[in-house]
Amino acid sequence: MYQRILICTDGSPLSDKAVKSGIALAAGLDAEIVAFTAVDFYPQSYFEGAIVLTAKEVQAIEKQWRDKAQAVLDDVQKQAHTRDVKTTTVVGQGLVSDAIIKAAKKHKCDLIVMASHGRKGVARVLLGSETLAVLTHSTLPVLVLR
């Protein structure tokens with residue numbers, strides 16, 4: 001049925017549920033997974049542009065984000081390993097929904113598994129749901145967990 005499943009996570013408790021379900025599905029189907037998370041290009045805040053950061057400070061913040069993203073993916077990889085599920089990890093960058101769809105295509109996934117919503121605060125309310133954007137724009141099946 002499914003051979004390669006993209007599992008999206010942001011490390012939140014709800015996305016952890018999607019991770020566990022995606023890994024269980026992959027184990028049951030003898031499929032492999034591509035564990036995915038995304039980081040921003042640069043620091044964003046409610047006061048965008050109000051605080052001037054040096055290039056070195058921006059690099060330090062982006063490194064923290066990449067390190068956190070890798071830790072989230074390392075956890076997914078450990079969980080998958082306990083179920084003997086082959087795993088590839090991917091850290092996407094930029095607009096999350098676009099990065100998810102690009103990663104799924106690049107890694108030849110045939111299913112996307114994700115939570116119904118992440119925890120992004122005001123940005124989520126103002127910009128809408130990344131899950132909805134993936135559902136709207138993806139040509140692949142999307143399994144949404146809540």
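The model is predicted. Its largest nonpolar core has 19 residues, and a nonpolar patch on the surface is formed by L132, L135 and V144.

**The nonpolar cores**

- Within the largest nonpolar core, which has 19 residues, those with the most contacts inside the core are I5, I7, I23, I33 and V113.
- Two or more residues of this core come from each of strand 1, helix 1, strand 2 (32–39), helix 2 (55–82) and strand 4 (111–115), and the largest share, five residues, is given by helix 1.

**T9, a residue in a loop**

- T9 lies in the loop that runs between strand 1 (4–8) and helix 1 (13–29).
- Is T9 buried or exposed? T9 counts as buried because its relative accessibility is 7%, and the cut-off for buried is under 20% relative accessible area.
- The side chain of T9 is joined to the side chain of S15 by a polar contact of 3.0 Å.
- When neighbours within four places in sequence are left aside, the residues in contact with T9 are S15, D16, V19, F36, T37, V72, L73 and V76.

- M1 is found in the segment before strand 1, and with a relative accessibility of 77% M1 counts as exposed, because exposed means over 50% relative accessible area.
- Although M1 and L29 are 28 residues apart in sequence, their C-alpha atoms are 7.3 Å apart in space.
- Not counting residues up to four places away in sequence, M1 touches L29 and D110.

**The nonpolar surface patch**

- The patch on the surface consists of L132, L135 and V144, which together have about 250 Å² of accessible area.
- One of these residues, L132, has its place in helix 5 (residues 130–137).
- L132 is exposed, because its relative accessible area is 53% and the cut-off for exposed is over 50%.

Methods:
Residues are numbered from 1 along each chain as its sequence is written. This is a predicted model: local features need pLDDT of at least 70, side-chain atom pairs count only at pLDDT 80 or more; totals for chains, interfaces and linings use all residues. Side-chain values use heavy atoms; hydrogens and water are left out. Helices (H or I, at least four residues) and strands (E, at least two) are DSSP runs, numbered from the N terminus. Buried means under 20% relative accessible area, exposed over 50%, partly exposed in between (1.4 Å probe, protein chains only). A polar contact is a pair of N or O atoms within 3.5 Å; within protein, one must be able to donate a hydrogen and the other to accept it, and residues adjacent in sequence count only if both atoms are side-chain atoms. Contact means heavy atoms within 4.5 Å. A nonpolar core is a set of buried Ala, Val, Leu, Ile, Met, Phe, Trp, Tyr and Cys residues joined through side-chain atoms within 4.5 Å. Patches are made of residues with over 30% relative accessible area and no salt bridge: like charges are joined within 9 Å, nonpolar side chains (Val, Leu, Ile, Met, Phe, Trp, Tyr) within 5 Å. Accessible areas come from the Shrake-Rupley method with a 1.4 Å probe; for residues, only the protein chains shown count as cover. A salt bridge is a side-chain nitrogen of Lys or Arg within 4 Å of a carboxyl oxygen of Asp or Glu.
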